[in-house]
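Reader: I would like to go through a model and learn how to read its features one at a time. Where do we begin?

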Amino acid sequence: MRKMLSTGVCTSTIQLPGKVAVVTGANTGIGKETAKELAQRGARVYLACRDVQKGELVAREIQTVTGNQQVLVRKLDLADTKSIRAFAKDFLAEEKHLHILVNNAGVMMCPYSKTADGFEMHMGVNHLGHFLLTHLLIEKLKESAPSRVVNVSSLAHHLGRIHFHNLQGEKFYSAGLAYCHSKLANILFTRELARRLKGSGVTTYSVHPGTVDSELVRHSSVMRWIWWLFSFFIKTPQQGAQTSLYCALTEGLEILSGNHFSECNVAWVSAKARNETIARRLWDVSCDLLGITRD
């Protein structure tokens, strides 16, 4: 049943010796499977994780399975801009290149809470954290071109809205909708990033991985029950990683930079996700929140 519902498979045979990749949230689920496949193809892979101890266990597992010892773990807490800046500073001092950045980590349906910098948790981790990380690594990506940025979004973006007057959820809050809003932000970020990077050799894509059996639903007992009830219809993490891998690896995809993908194909997005005015405003607001000088 899972195979029937998971039609997208990354068929690229490209190998990655000498290439460098960073995968956020790579100690579990889709991120782990993405990192494992990149390592299998010979890349030097950084597992950017909040839980370093768990990350080390996963790194050893990947090293054993793939035979690639160039699987490294580094601390990255996307709920804390100091951690993001420290990760980027150390990475840039350690590596001369970066060819693939997979912004995979995320939170879903958290009770209302804020990041270390006062951002609503979904918007702070899923959007602003990756926005800052990408900003800090973008020059290295340009220097290493051709290179790619893959942002993991969701079909849930269709229910999302960017409420600029309530971006931090202080006026009204719904855990489910907050996730949707942040996933819409991922797509808008991808589109605006692609526009700004045109001609640089860096391309970017957003992806819907499908409904995947992962730790993402850990904050919701209702969602965990639904996941269990429909377990035969839910993808494995390996199946869920296919579209991320497709966008990271498939040759000739550069012309589709800025597009959204599902099941290894270009996918339709909501009207809100296609709104260039909202995308540019969100970019500017994100810069202001993060203390980044606007271009």
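Reader: Which residues does isoleucine 162 touch?

Author: Contact means heavy atoms within 4.5 Å. Leaving out residues up to four places away in sequence, isoleucine 162 touches Leu167, His181, Leu184, Ala185, Leu188, Ile278 and Leu282. This is a predicted model, in which local features need pLDDT of at least 70 and side-chain atom pairs count only at pLDDT 80 or more, while totals for chains, interfaces and linings use all residues. Residues are numbered from 1 along each chain as its sequence is written, and side-chain values use heavy atoms, with hydrogens and water left out.

Reader: How many residues has the largest nonpolar core, and which have the most contacts inside it?

Author: A nonpolar core is a set of buried Ala, Val, Leu, Ile, Met, Phe, Trp, Tyr and Cys residues joined through side-chain atoms within 4.5 Å. Buried is under 20% relative accessible area, exposed over 50%, and partly exposed in between (1.4 Å probe, protein chains only). The largest such core here has 48 residues, and Val22, Phe87, Phe91, Leu137 and Ile162 have the most contacts inside it. Elements giving two or more residues to this core are E1, E2, H4 (81-94), H5 (121-143), H6 (175-197) and H10 (276-290). H5 supplies the largest share, ten residues. A second, separate core of 33 residues includes Ile62, Val150, Ala241 and Cys264.

Reader: What does E1 pair with, and is E1 buried or exposed?

Author: Five bridges join E1 to E2 (residues 44-49) in parallel, with valine 20 opposite arginine 44. E1 also pairs with E4 (residues 100-103) in the parallel sense over three bridges, where leucine 101 is the bridge partner of valine 22. Five of the five residues of E1 (residues 20-24) are buried: Val20, Val22 and Thr24 on one side, Ala21 and Val23 on the other.

Reader: Which side of H3 is buried, and which residues are exposed?

Author: An α-helix has 3.6 residues a turn, so residues three or four places apart point the same way. In H3 (residues 52-66), the buried residues are Gly55, Val58, Ala59, Ile62, Gln63 and Thr66. They cover an arc of only 140° around the axis, so they lie on the same side of H3; the arc is that of the directions from the helix axis to the C-beta atoms. Gln53, Leu57, Thr64 and Val65, on the other side of H3, are exposed. The cover over the buried residues of H3 includes H2, E2 and E3 (71-75).

Reader: Why is H2 called largely enclosed?

Author: Ten of the twelve residues of H2 are buried, so the rest of the structure largely encloses H2.

Definitions and conventions. Helix = DSSP H or I, 4+ residues; strand = E, 2+ residues; numbered from the N terminus. Pairing = 2+ DSSP bridges. Expected span 1.5 Å × (residues − 1).
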